[in-house]
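Work through these exercises with the model open. Each task is followed by its solution.

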Amino acid sequence: MYLGLISLLILLAISLNIAIAVESRRVHDKIYTSISGASCFRRLNGTHQTGCSSSQYGSTGALHLIQVVEDFEFLLRNPPAPPYAPMIPPHLFTRENIMRLKEQGTSSISAVLLIGGKEKVTQFSHELTCPNRYSGLLLSESNETATCDTRNPENAWNPWGSGLLHEDFPFPILYISDEDEVNKLKSCFEKFNNYDYEGHNTRSLCSVELQQFMVGAVSSEVCIRRTNFLNNLGSTKYCDPLEGSNVYATLYPRNIQPNAVNGQANETNITDEKEKFILITCRMDTASMFDNIALGAMDSLTGYVTLMSIASTLKQYLPSNSSNLTKKTNILFVIFNGESYDYIGSQRFVFDMENFDFPSASTQRAPITFENIELMIDIGVLDEISTINVHTLNKTDKAEEFVRVLNSQSQNFNINYQLNVGNNIPPTSAQSFLRKMKTFPAIILNSKPQNKYYHSIYDNAANLNFTYYNHTEQNYTKLISTEEALQLFPAESVQMKIRNASTSVALALTQILFNQGPKVKGYASPLLIDELLHCFLEAADCRLFKDISPVNSLPGPPFPPMRYISVLMSPQDASGWTYRLMGFLLSDEVDTPEEKCAPLPLQWIAGPKGVGECRHTTNNYTYALSPAFLIDNYDWKSGEYSTWTESTWTKLSARMFLRPSRVHEIVTLSIGIVVLIISFCLMYIISSRSEVLFEGATSSSDAFSYNAL
């Protein structure tokens with residue numbers, strides 16, 4: 001009987017706890033409304049920290065809508081109920097306004113919300129006017145770039161740059177693009193905050209709480225030292241180096257070294273001085289101020305797609321065997337990662353070449369050094385393709401010959417190539433090579449800057465004026481004539497412009513290597529360019545990505561791959577897709593069944609027909625991790641190598657709620673203090689008068705005495 005009663009009581013207690021938990025969740029949901037958006041986060045380098053962070057337990061502020069510049073005055077001149085969280089439209093999210101909040105609003109601003117689209121925006125670049133200003137060619141006895149005028153933005157490579165990407169903010173910043181989310185915030189502001197501003201401290205206000213606390217602080221040196229500290233018993237990670245993978249491939253397969261043993265090269269491996277390469281490069285990464293929103297349509301994707309188109313076209317223009325070339329030179333394609341942060345990928349590539357570590361010994365190929373490179377063609381930004389500058393640090397016969405051949409081959413494509421010699425070279429991967437050897441034979445294809453949204457959330461398909469034409473029934477790898485291309489795409493489309501540029505470069509290289517016209521008729525395919533831009537700007541669930549994936553593999557996500565370099569163990573979608581693309585475009589199909597299509601360099605993919613095909617590939621990965629993290633006792637302030645890291649964090653969240661008025665909070669606190677004092681007084685009275693109040697009651701000491709008897 002007693003056992004059943006006890007069980008019933010336990011069940012009742014459990015039910016009561018569940019009911020209380022459910023009801024508390026309902027109350028919580030009524031109090032707080034989640035907000036979705038993209039967060040600004042913290043990065044660090046060898047000297048300082050950049051980006052944003054909330055306080056450790058979250059930053060809370062009352063909403064205030066900024067509609068004109070004058071609205072900032074309310075927040076910066078004795079606001080009645082601080083702290084506030086201003087909602088700022090993009091056209092007012094300028095360096096001047098944001099720096100005012102940082103410098104003058106230390107006590108009144110706890111968070112910032114960037115809201116809405118770019119209807120009134122005419123420029124929006126958070127990068128410096130001279131990107132990578134401390135990591136390229138340097139002025140004599142200076143740590144600043146020799147290739148860009150930092151004091152004259154009009155002559156800089158990013159004249160619209162605000163530099164906000166490299167500032168450190170004491171408050172979190174959240175970007176909210178969803179129209180419903182923005183309307184929800186504005187509605188709450190209008191209902192509770194947008195009247196009687198002077199009386200804000202006397203009533204409840206619509207507020208937000210941003211939880212974006214960044215664990216890393218000060219600099220990469222301090223952050224890594226804290227992580228590696230012997231007394232760090234909790235194994236806490238404060239930051240991680242920015243790292244990823246470069247992707248490379250050769251037009252013609254390279255010979256295996258005869259002295260390689262069991263898949264590993266031995267110590268006698270040396271370079272083959274007779275093996276020569278033309279190095280064609282670009283970058284795959286981009287950057288922005290906000291997490292996972294960086295498409296880089298104009299700042300890096302146009303160059304990336306141009307290189308892919310050149311690779312596909314040269315594969316069909318040149319003989320299948322390099323022995324048939326007039327000039328016995330292979331072509332090495334390399335796509336670097338992390339170039340937005342002081343050339344991480346190209347710096348590591350140069351470091352490996354200097355130490356005879358490229359390619360890695362496991363590939364069983366001879367190392368490639370500077371002496372093996374006859375010419376480097378680095379594809380920079382191509383904002384305007386009708387006029388492309390060919391930059392070179394030194395005037396050489398090779399550069400002049402290449403420009404001459406380029407112009408002769410581009411007469412049918414309305415492109416003018418102009419040779420520019422001198423220090424005023426763009427911030428591209430070639431700077432890592434030239435910094436090590438000023439006589440290195442590097443030329444850079446780059447147009448005059450026109451991208452007003454460089455390294456920002458608005459450098460997207462609209463900025464590139466891209467429209468996907470979706471000719472899925474067509475063969476996108478086949479060369480086609482100009483007449484056929486114009487039936488599929490307008491002459492002024494970005495597809496045709498990139499097609500023209502890539503064709504002229506491919507024709508010029510064919511002339512140099514083969515000493516005659518291409519083997520086949522036709523020009524670069526705008527269909528391939530159309531597919532590449534669609535996959536990287538709109539959705540990874542695209543036809544091209546399906547074709548280069550294994551048979552029956554899961555489709556890509558309905559959004560484009562992230563192209564920010566990120567950190568180890570983070571998704572590296574861009575590198576993975578680039579690896580597959582290079583393998584597909586530069587490979588030869590082999591008549592081999594699936595069960596025999598292994599190991600590498602044989603690779604089985606779905607292929608354009610979707611039934612599977614075996615490919616003999618030349619593609620591979622190489623590290624994109626700065627040498628600074630490999631060198632013992634590296635001088636973090638030297639500026640020799642990139643030192644960028646990314647802070648770790650526990651969670652990123654945002655929610656909206658109704659914050660009680662200051663009067664309400666004071667009254668609640670006062671009542672609590674009064675109740676506490678009264679409780680102490682009552683306990684003291686009861687304790688001091690216990691003999692009277694509890695006369696005749698048996699005390700615990702009496703009970704012990706009774707039991708002892």
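Numbered in sequence order, the bonded cysteines of the protein chain pair 1-2, 3-4, 5-6, 7-8, 9-10, 11-12. This is a predicted model: local features need pLDDT of at least 70, side-chain atom pairs count only at pLDDT 80 or more, and totals for chains, interfaces and linings use all residues. Residues are numbered from 1 along each chain as its sequence is written, and side-chain values use heavy atoms, without hydrogens and water.

**Exercise 1.** Count the disulfides (pairs of cysteine sulfur atoms within 2.5 Å).

Solution. The count comes to six. Cys282 is in no disulfide. Its nearest cysteine sulfur, that of Cys535, is 16 Å away.

**Exercise 2.** Determine the handedness of the link between Cys130 and Cys148.

Solution. Start with the bond: S to S is 2.0 Å. Next, take the torsion about the S-S bond. It is about -75°, so the disulfide is left-handed. Finally, check burial (buried is under 20% relative accessible area, exposed over 50%, partly exposed in between; 1.4 Å probe, protein chains only). Both Cys130 and Cys148 are buried.

**Exercise 3.** Classify the ring pair of Tyr634 and Trp636.

Solution. Rings of Phe, Tyr and Trp (its six-membered ring) pair if their centres lie within 6.5 Å; planes under 30 degrees apart are stacked, over 60 edge-to-face, the rest tilted. The structure holds 31 aromatic pairs. For Tyr634 and Trp636, the centres are 5.8 Å apart and the planes at 85°, so the pair is edge-to-face. Tyr634 and Tyr641 have centres 6.3 Å apart and planes at 40°, so that pair is tilted. Tyr634 and Tyr641 are buried.
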